[in-house]
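Subject: Structure handover

Hello,

My notes on what was found follow after it.

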Amino acid sequence: MSFNYSIPNENALKEALLVAFDSFPVEKNEWAHDVLSNGFIELEGTQNKYDDEGHLLLKVKVRTYSKILKNYEPDEQEEIADAFIEEINEILPKDSAYRVKYVNIVPCIDEIMNNTNESDSEDSVRNQLVNELGKENVDYNKVIALSNKLSTFDQNNVRFSVDAGIVNRLGVELVGKRETAVAELIKNGYDADATEVNVVFKDTSNVGGTLIISDNGEGMDREQLQNGFMRLSSADKIHHPHSNKYQRVRAGQKGIGRFAAQMIGKRLIITTQKDNADKALQVEINWEVFSPDKDLNTIESRILEVPKIKDQGTTLEILDLRNPWSDSIINKIYNSISSLLQPFPLSKSEDKSVDPGFKVNFYKDKVSEGNKIHTELSNIYQYALAEIDTYVDDEGQGHWSIISKQLGFHDEGFVGKEKDNENKPFEYVKGIHAKIYYYIYESSLIPGKLLKYIRGIADENGGVRLYRKGFRVLPYGEKGNDWLGLDESANKRTILVPHHNISFFGVVEIGERQAPIFEETSSREGLIENDAFHELTDYLYRTIIIAVLRISSERGRKGTAGQKDWSKRNSTVNVDKAINDLNDIIQNILNQNSEANSSNNGTGNAVFYEKAKGVIENLIKARNEEKQDVQNLVDENNMLRILAGTGLVIGEFVHEIKRFYPGFSSAITFFRNHYGKEAETNERINQLESLFKSFTSYTSYFDKTISRNVDRELENINIRQAVNSFIDTIKKDAERAHIDIKDPIYEKLILHTIPMHPSEWASILFNLYTNAKKAINKAKTEDKRILIRCGIDDDNIFVEFSDTGIGIPDENKERIFDAFFTTSEPVKDNFVTDDNAGTGLGLKIVKDIVESHGGSISVVRPYQDYKTTFRILIPKQQ
């Protein structure tokens with residue numbers, strides 16, 4: 001549906017016409033609905049004609065592309081008009097100043113073409129064309145139709161024609177994403193020397209909303225609108241690569257950006273005005289009529305002169321949005337557009353004009369400060385560990401420099417086309433510049449409160465972004481895009497220093513001179529991956545690696561896995577040396593005072609130095625204790641690293657072993673069918689099947705637990721469900737060990753903890769079970785029982801794990817939670833079958849998990865006739 005008007009009118013009238021036009025009831029008249037839904041309206045007022053109630057009577061012209069119009073006689077077409085008049089007047093508000101009196105239905109050009117008699121001769125068409133051109137009021141639609149028809153009589157030449165469906169393909173297919181489409185439309189404002197663009201999302205939460213993009217640029221006159229905006233693949237940006245006022249490098253050359261509007265919505269209203277014009281120009285384009293099997297030049301969009309709405313600039317009003325735009329999508333688009341323009345220039349501009357800059361504002365529903373959409377991104381460059389600058393000069397020589405204020409460090413050097421030859425000139429990347437800010441997310445390098453904030457920004461926006469002629473080229477630097485291979489390199493662990501994409505906020509500049517070498521794809525979603533592109537990625541990757549390895553060396557950290565000329569800087573040695581040096585100084589002074597038999601003042605000094613010596617001795621003692629604590633932590637961390645690696649191996653093993661399930665199951669069935677008739681053999685088959693079911697129960701439990709580790713979301717744990725699932729898993733194992741797992745006791749119906757990770761409870765319960773199992777084996781008793789009891793204790797949920805093992809001596813009740821304390825045998829080569837082996841970390845892990853959630857674990861008085869009871873307290877769900 002489309003709407004054109006040539007007289008002043010009120011909004012209520014316009015909206016009523018659009019509603020009536022779009023929603024003409026099919027049940028009233030099916031063919032009338034077809035005519036109206038395939039056309040657009042023009043309004044003309046009848047001069048000085050009013051009805052009895054003072055309403056100005058309007059004449060409405062409906063131009064239609066309906067294919068069925070020619071099947072109806074004039075009186076039937078009048079019936080269509082009468083139905084439309086009745087419908088629209090019912091919709092118009094009672095206090096409206098207008099009423100519709102006349103409706104005239106006019107076929108558009110393709111209908112004129114269809115109605116042209118195929119048997120018309122060339123002379124007949126010529127005569128019709130001459131006759132039409134001789135009229136005072138020329139019907140230009142008919143002139144175009146007759147001209148197209150006349151060209152078909154040319155026997156010596158053929159001509160290309162353009163199907164109207166190309167507009168749909170350009171809009172929907174060539175512009176892949178909505179953020180790309182909006183970016184293309186904003187670029188039009190930049191090219192028009194606008195200093196500000198306002199983007200308004202109006203009623204966009206549902207399909208059918210409106211998107212308004214308004215700039216304060218130079219605007220367009222009729223010639224620019226006709227031959228620039230309305231011309232596909234205009235050469236204007238080729239002939240005029242710089243803007244008029246600020247000499248900006250124009251953002252694109254293909255001239256298809258305007259059709260991004262077609263991808264977003266069904267209709268587009270363009271209102272544009274120049275500073276020296278008295279009126280604005282307005283064009284409404286109905287994208288729905290650009291359907292296949294129509295000649296593009298036969299589809300008209302009426303151009304009108306309307307009152308100016310501002311001094312200069314262009315407003316694009318995209319109506320009937322094809323998709324809803326949620327707040328998250330709008331924020332995503334805003335962040336994308338915010339990074340659309342290069343944040344700072346890297347090379348010296350040849351443009352001597354003064355450009356005040358370009359700003360894009362986003363609003364919800366209307367332009368006002370209260371409706372402005374803000375971003376959380378802020379300037380975080382000052383917290384970077386180092387700033388890396390690099391460029392390639394006109395001779396092809398690559399240069400790099402590093403500045404780190406935190407490390408008090410500056411270095412610079414060369415990079416060449418070949419890895420082992422820094423002077424080998426580059427071929428394609430001459431003139432490329434880049435600035436990259438480097439971050440290592442450690443509390444010693446970034447202030448504590450900012451560490452999490454900056455890391456959060458890096459997770460979403462970190463990476464090295466590419467800008468071509470001042471504009472961002474997507475998807476480079478987007479989350480998940482590894483165009484420089486940094487994530488891949490970091491994951492290989494050959495280079496040990498942190499260098500994932502999130503460690504960088506970078507800008508790579510491709511200027512006007514280099515732009516022709518680095519061409520964008522037709523969809524504007526990336527560059528063509530030619531030799532120039534591959535040289536660019538290789539140059540940037542190697543420069544970044546050179547820089548991070550230099551920084552690693554300056555920090556005294558190992559850079560690569562195979563680095564042999566490296567020894568770790570030990571801060572502990574430096575501290576110890578400082579303490580010993582101070583101790584020697586004090587001791588020497590005391591010896592000198594003693595030999596000189598000092599005066600009273602000297603005696604006072606001697607007292608001071610004696611006290612200082614005592615302080616140093618206490619410092620040395622505390623230092624030794626600290627080193628022992630640190631060593632314990634190192635030992636614990638090393639064991640945890642081993643266990644983590646073992647966990648990964650177990651996870652892979654569990655995943656792979658599931659492939660053998662069908663074979664095991666099939667083999668058991670085969671043996672049962674062929675050899676299960678004998679009682680002894682059948683018993684063995686039953687045992688084998690029981691073992692297989694126990695095995696599958698274990699693997700499925702661990703597979704589920706390990707797979708959930710990928711999900712970092714915490715959730716309230718249903719203790720009843722967690723315990724029941726655990727018991728189902730270990731029941732077969734307990735039966736083989738002749739341990740009786742008693743039915744759990746739940747003293748409350750609802751037992752939900754605060755948010756935790758589900759796999760944490762699997763670890764807690766399994767560690768307690770393995771400890772209980774070993775204690776029961778050591779007891780060598782026939783009474784082998786385990787009981788789990790759960791309930792509520794004030795604001796906590798308690799879980800008690802009791803067994804009939806050997807018990808825990810009083811002197812060990814606190815030590816059992818220390819790392820590496822164990823009463824089990826060390827893990828040996830045959831640990832798979834050794835039920836008494838242990839590492840001394842199980843209960844330490846349980847304690848760390850529980851305490852990390854504000855809970856506690858302790859050994860309490862055994863429950864009833866059990867020997868040992870562990871009691872866990874975890875805050876309950878509020």
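Helix α18 (residues 661-675) is the main contributor to a nonpolar patch, giving 3 residues to it. The patch lies on the surface and consists of F670, F671, Y675 and L688, which together have about 390 Å² of accessible area. F670 is located in α18 and counts as partly exposed because its relative accessibility is 40%. Please keep in mind that this is a predicted model.

The chain has 22 helices and 28 strands. It has 878 residues, of which 44% count as buried. Its accessible surface is about 47,700 Å², and carbon and sulfur atoms account for 49% of that. Taking contacts between residues at least 6 apart in sequence, 72% join residues at least 24 apart.

Next, helix α13. Which of its residues are buried? They are L451, I454, I457, A458 and N461. Viewed down the axis of α13, the buried residues stay within an arc of 140°, so they line one face of the helix. That buried set packs against β16 (463-468) and β18 (504-510). G448, K449 and K452, on the other side of α13, are exposed. Just after the helix comes G463, with a positive phi of about 130°.

A note on one strand residue: S401 sits in strand β13 (residues 398-404). With a relative accessibility of 16%, S401 counts as buried. Apart from neighbours within four places in sequence, S401 has contacts with E387, I388, D389, D411 and E412.

Now the salt bridges, of which the structure holds 32.

- E535 and K417: their closest N and O atoms are 2.6 Å apart. The bridge links distant parts of the chain, since E535 belongs to helix α15 (residues 531-554) and K417 to the loop between β14 (409-415) and β15 (433-438), 118 residues apart. E535 is buried, at 6% relative accessible area, whereas K417 is partly exposed, at 32%.

- E488 and K492: these side chains form a salt bridge with an N to O distance of 3.9 Å. Both residues are in helix α14 (residues 486-492), and because they are 4 residues apart, about one helical turn separates them. E488 counts as partly exposed, with 47% relative accessibility, while K492 is exposed, with a relative accessible area of 56%.

- E800 and R871: the side chains meet in a salt bridge at 2.5 Å, N to O. This pair also links distant parts of the chain, with E800 in strand β24 (residues 796-803) and R871 in strand β28 (residues 868-875), 71 residues apart. E800 is buried, with 6% relative accessible area. R871 counts as buried at 18% relative accessibility, because the cut-off for buried is under 20%.

Which residues are linked with E800 and R871 in a network of salt bridges? The network also takes in E747, R789 and D793.

Regards

Methods
Residues are numbered from 1 along each chain as its sequence is written. This is a predicted model: local features need pLDDT of at least 70, side-chain atom pairs count only at pLDDT 80 or more; totals for chains, interfaces and linings use all residues. Side-chain values use heavy atoms; hydrogens and water are left out. Patches are made of residues with over 30% relative accessible area and no salt bridge: like charges are joined within 9 Å, nonpolar side chains (Val, Leu, Ile, Met, Phe, Trp, Tyr) within 5 Å. Accessible areas come from the Shrake-Rupley method with a 1.4 Å probe; for residues, only the protein chains shown count as cover. A salt bridge is a side-chain nitrogen of Lys or Arg within 4 Å of a carboxyl oxygen of Asp or Glu. Helices (H or I, at least four residues) and strands (E, at least two) are DSSP runs, numbered from the N terminus. Buried means under 20% relative accessible area, exposed over 50%, partly exposed in between (1.4 Å probe, protein chains only). The arc is that of the directions from the helix axis to the C-beta atoms. Contact means heavy atoms within 4.5 Å.
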